[in-house]
Amino acid sequence: MSEQQTHRAPSLVLESVSVSYGEQVAISDASLQVQPGELMALVGPSGCGKSSLLATINRMSDGVSGCRVGGKIWLDDEDIRQRGDLVALRRQVGMVFQQPNPFPLSIIDNLLFPLAEHRVPRSQRRARAEQALRDVGLWEEVKGRLSQPALGLSGGQQQRLCIARTLVLEPQVLLLDEPCSALDPVSSRVVEALIRSLKRRYTILMVTHNLAQARRLADSVTVCWLEGQCGCVVESNGCEQVFENPAHPITAAYCAGEAG
């Protein structure tokens, strides 16, 4: 990956973001700041709005009936809530989901298809696909069977292919929604090592229920919680600060395994 790409990782700032579905407020007044090239872990109990918050950043929430989003979301000095071109936004802000979801195509076509959809010149597609597979450590494993179905890969390989499918579009921000939770321990370690290798090159916001994983990977941590039926952010700080000297009693209890 070039130095030019390294320096293009933007800051990501959520300012008083709220998410509602009909009359139900899922998360209220959430603020956090991810520095360029930093990995922030978003932790907290189920149902506190972590995934809903993640979906606001590449505006996947725009397609959800009855969903309303308030506040501001900044990539550097641009409020993406005002962005008109969502295709360009989702190329800039890539997302990887909990369950591996390769397209029902061949391994190589999982990468060539998005490149074609985003009108990357045909002459560049094969090289970019190979580089993405190398970046996620899959090239040596699949180079002899690129035309075989992606669904024939193992779960861990499928998840790395999905990460490669995101990276092939050269995003600046990665949103990872529990990327290891559906994997076995061996595959999870491989994907964790991959995520660690992507730090500094991309600005990363990762939802995880695994506090040990957050501690291993994250530069900073945001703790979400439920107040009544509404999610909120109770603390956002450096990883060591959150785990060793939390400012909020909820954070202290959650990190000690006494709540959540």
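Here are some friendly notes on this structure, taken point by point.

1. Basis of the model. This is a predicted model, in which local features need pLDDT of at least 70 and side-chain atom pairs count only at pLDDT 80 or more, while totals for chains, interfaces and linings use all residues. Residues are numbered from 1 along each chain as its sequence is written, and side-chain values use heavy atoms, with hydrogens and water left out.

2. Overall fold. The chain has eleven helices and ten strands; these are DSSP runs numbered from the N terminus, with helices being H or I of at least four residues and strands being E of at least two. With a radius of gyration of 18 Å, close to the 18 Å from the globule rule for 260 residues, the chain is as compact as a globular protein of that length. That radius is taken over C-alpha atoms, and the rule is 2.2 Å times the number of residues to the power 0.38. Along the principal axes, the C-alpha atoms fill a box of roughly 55 × 40 × 35 Å.

3. Of the 260 residues in the chain, 52% are buried (buried is under 20% relative accessible area, exposed over 50%, partly exposed in between, with a 1.4 Å probe and protein chains only). Among contacts with a separation of 6 or more, 67% are between residues 24 or more positions apart; a contact means heavy atoms within 4.5 Å.

4. Surface and charge. The 26 positive and 28 negative charges have mean positions 8 Å apart. Lys and Arg count as positive and Asp and Glu as negative, leaving out His and the chain ends; each charge is placed at NZ of Lys, CZ of Arg, CG of Asp or CD of Glu.

5. Salt bridges. The count comes to twelve salt bridges, each being a side-chain nitrogen of Lys or Arg within 4 Å of a carboxyl oxygen of Asp or Glu. One of them joins Asp62 and Arg59, at 2.8 Å from N to O. Asp62 is partly exposed at 35% relative accessibility, whereas Arg59 is buried at 9%. Both belong to a salt-bridge network that also includes Arg81.

6. Arg134 and Glu130 form a salt bridge with an N to O distance of 2.8 Å. Both lie in helix H5 (residues 122-135), four residues apart, or about one turn of the helix. Arg134 is partly exposed at 40% relative accessibility, and Glu130 is partly exposed at 28%.

7. A pair between two helices. Glu244 forms a salt bridge with Arg215, with the closest N and O atoms 1.9 Å apart. The pair links distant parts of the chain, 29 residues apart: Glu244 is in helix H10 (residues 239-244) and Arg215 in helix H9 (residues 211-217). Arg215 is partly exposed, at 43% relative accessibility.

8. Cys48. This residue is in the loop between strand S3 (39-43) and helix H2 (50-57), and counts as buried at 0% relative accessibility. Beyond its neighbours within four places in sequence, Cys48 contacts residues including Ala26, Ile27, Cys224 and Cys232. The C-alpha atoms of Cys48 and Glu227 are 8.6 Å apart, although 179 residues separate them along the chain.

9. Glu192. Found in helix H8 (residues 185-198), Glu192 is buried with a relative accessible area of 6%. Leaving out residues up to four places away in sequence, Glu192 touches Cys180, Gln213, Arg216 and Leu217.
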